[in-house]
Number of protein chains: 4
Amino acid sequence: MPRKVDSAARRDMILGAAVRVFARQGFAATRVDDIAKEAGVAKGSVYLYFDSREALLTAAFEAYEAGSRTLIQQARTGTGDALERIASLVRSVVGMVSAEPELTRILVDLWAEGRRGDASPVDIAAVYRDHRAVIAELLAAAEAQGTLRAGVGEGHAAVVVGAIEGCLLQWIVDPALPITDLATPIVEVCVEGLRRRERV
Amino acid sequence: MPRKVDSAARRDMILGAAVRVFARQGFAATRVDDIAKEAGVAKGSVYLYFDSREALLTAAFEAYEAGSRTLIQQARTGTGDALERIASLVRSVVGMVSAEPELTRILVDLWAEGRRGDASPVDIAAVYRDHRAVIAELLAAAEAQGTLRAGVGEGHAAVVVGAIEGCLLQWIVDPALPITDLATPIVEVCVEGLRRRERV
Amino acid sequence: MPRKVDSAARRDMILGAAVRVFARQGFAATRVDDIAKEAGVAKGSVYLYFDSREALLTAAFEAYEAGSRTLIQQARTGTGDALERIASLVRSVVGMVSAEPELTRILVDLWAEGRRGDASPVDIAAVYRDHRAVIAELLAAAEAQGTLRAGVGEGHAAVVVGAIEGCLLQWIVDPALPITDLATPIVEVCVEGLRRRERV
Amino acid sequence: MPRKVDSAARRDMILGAAVRVFARQGFAATRVDDIAKEAGVAKGSVYLYFDSREALLTAAFEAYEAGSRTLIQQARTGTGDALERIASLVRSVVGMVSAEPELTRILVDLWAEGRRGDASPVDIAAVYRDHRAVIAELLAAAEAQGTLRAGVGEGHAAVVVGAIEGCLLQWIVDPALPITDLATPIVEVCVEGLRRRERV
DNA sequence: TATGAATGAGGATTCATTCAT
DNA sequence: AATGAATGAATCCTCATTCAT
């Protein structure tokens, strides 16, 4: 009779440990042994669930990407004032920091890994392309709703995404920065910076 | 004296080679041998000018930091409309991408390295602290000039810095993104998002 | 009793699988997992019947040795013209290739393993000592029968064994070689090379 | 000024050490560290001259092959009685055991490695194909000279090669076997087994 | 100063073997 | 008896750094 294990749960457990260690030390400085220790298993066991150290980062990316996709989906399926929906998306993304601080801290490793381009399975560029796409869609909707000021286009979507990610970046590099307090300023700058100026 | 000049030039030459290779392959994937080859010197010669592979990244950081400090200085010493000076700063930082693309592409490695906190000589957090500080100063000036809308504070400075760095990030990760075209949108979103709404 | 039979059959089944995989990939490149898969059992089950991976090779050797002993026995118990009995032995050994190709292909692993000398339970040297011994006995008989030419001794027995094994070797290394066609040439060279030259 | 080293000599020195260790322990049981120790260098230095542990075996094969080619060349360029030239070749090959005992003892590893077929750079099969080819040529010459008995063909060439290699094999597996004493018996059996029977 | 051969610590990965179920 | 998850020792190879010339 084989030992009973929930293979998926085990995998998740190890991945969770890996993410914690990556968040703490950075991917480059993380040894497979560190991960095994954090997970409370032997080094070899890590390889029962992941092909390589690299694969753990990729899996972390996939987890991040999945969360990201959910947020994007929500933004897409929402209704109502388009600029308000952008504001919600901003708050959701920033909210992820509290929900998943480790996964967020890994972002910098994903950027570094994803920069290699097609050579890497970490296609972080695609994630941001998607982000820009939703924002652009919402901006188009805002335009239709007449709430947008003139001359807003693709570039502005990149700026909104940039504002969010750039704030995450500052927090990653300096955890003392009160990232959760930034959601409102981001919304204010971005949404108000795009909203049509009311005539009196 | 001529010796010293030569020596400094040689150091710069090697550092330049290192930066190019870092930009191409990323710090983690860069071997000291790659740098030596790019510089056209022997591996051992690299160590005549730098203590370690790590030191090359630190030196690159210092170069980046110096450039950054110059921009900050310019923003501080400037005069005139405060919001316009913010706009200039934004354009300057984005302009650095064209001027020094390699140094910019290295940013991601600096973020990764700098994240280690006090353990690392790459204090990238300080750079962004400084950036936020100037922006905050300029915002205060704008407030005094009456061009700022109400309720703007520290957080908004972080957003402006975030918008810039977040756009750089997107470009690093996806060089197809037309980063230079983003200067204007960034300015529009940030400056207009902060400017006081004119009454007619 | 039925248990015992089952057990022995199971052992043989696993050994057979091991031999097939060894023949295919070579001992060094064979994982216990490969053997388990070939046998259709779990990896752990292999260890219920064999102490170690090494033990499987040893068991294969024992099977080979048993077959070899049978042939030797037949050669010893035979009667009639001594040179003819040598010819028969040659044909029998070469015939084993068709009968047990996998076991034959493993020979090279047995040679490698057996070379370690006393440290190894694979005493392939003893097998060849035995082969040489029978051949020598038969040569002595031939001498008594007056069919042998003068000056034939121990060394010639080694040559006969060598001719056989050397042909197997060439086939192992190059399966395109039509090994079964070689039985007759081996017999011709060896037997005629030893037979007394008839006076007319 | 670079350290002066004769790179080729260094390579040969390390290869020599590797061959000695392979001969002693077998390829499978040889660690790169063992080779380094035998050569009196650090482990890493081995990799300055060889790509991998495997490459050392390949290089050993190439050395063996080169020697083999020389012998073949000599056999081809010789003149005189064809059967006598076969006898010389036999003696030369057997003589290699005294000249290069370690290289000879490695043969079994080359056989094991070479058995993998096209996947391996150790094309030992080609070596034996060449050996058979020369022997076949010499047999054809003998036939033309009228010294050969009827019905001799390709297969007989394989037998001659087999007799030689099979004797080496017995020595490898059992160094107590007086291999040098076997040259004469091999010649007697093979040459006399192929020579035309004189009528009185 | 410059070189590049030499070093050896370090770390990812493999896989024979064990053992809880 | 059978399983296959878990283990961790073993080993290949890399590469930052040193140093003799």
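In this predicted model, 46 residues of chain C are in contact with 45 residues of chain D. Together the two chains bury about 3700 Å², with 66% of that area on carbon and sulfur atoms. On the side of chain C, C:Arg115, C:Val173 and C:Val189 contribute 20% of the area buried against chain D, more than any other three residues.

Chain C and chain D are joined by 10 salt bridges, and 16 residue pairs, both at pLDDT 80 or more, are in polar contact between them. One salt bridge links the side chains of C:Asp174 and D:Arg132, at 3.7 Å from N to O. The elements of chain C that give two or more residues to the side touching chain D are α1 (2–25), α7 (107–114), α8 (124–145), α9 (154–173) and α10 (183–194). Of these, α9(C) provides the largest share, 14 residues. By residue class, this side of chain C comprises 25 nonpolar, nine polar and 12 charged residues.

A second interface lies within a chain. Chain A is assigned a domain 1 (1–50) and a domain 2 (57–194), whose centres, taken over C-alpha atoms, are 29 Å apart. Nine residues of domain 1 of chain A are in contact with eight of domain 2, and the two domains bury about 760 Å² between them, 75% of it on carbon and sulfur atoms. Within domain 1, A:Val19, A:Ala23 and A:Phe27 lose the most area to domain 2, together 56% of what that side buries. The count of salt bridges between these domains is zero, while two residue pairs, both at pLDDT 80 or more, are in polar contact. The domain 1 side divides into six nonpolar residues, one polar and two charged.

Terms used:
Residues are numbered from 1 along each chain as its sequence is written. Chains are lettered from A and ligands numbered from 1 in the order in which they are written. This is a predicted model: local features need pLDDT of at least 70, side-chain atom pairs count only at pLDDT 80 or more; totals for chains, interfaces and linings use all residues. Side-chain values use heavy atoms; hydrogens and water are left out. Contact means heavy atoms within 4.5 Å. Buried area is the accessible area (1.4 Å probe) that two parts lose on being put together, summed over both. A salt bridge is a side-chain nitrogen of Lys or Arg within 4 Å of a carboxyl oxygen of Asp or Glu. A polar contact is a pair of N or O atoms within 3.5 Å; within protein, one must be able to donate a hydrogen and the other to accept it, and residues adjacent in sequence count only if both atoms are side-chain atoms. Helices (H or I, at least four residues) and strands (E, at least two) are DSSP runs, numbered from the N terminus. Ala, Val, Leu, Ile, Met, Phe, Trp, Tyr, Cys and Pro count as nonpolar, Asp, Glu, Lys and Arg as charged, and the others, Gly among them, as polar. Domain bounds come from an automatic or database domain assignment.
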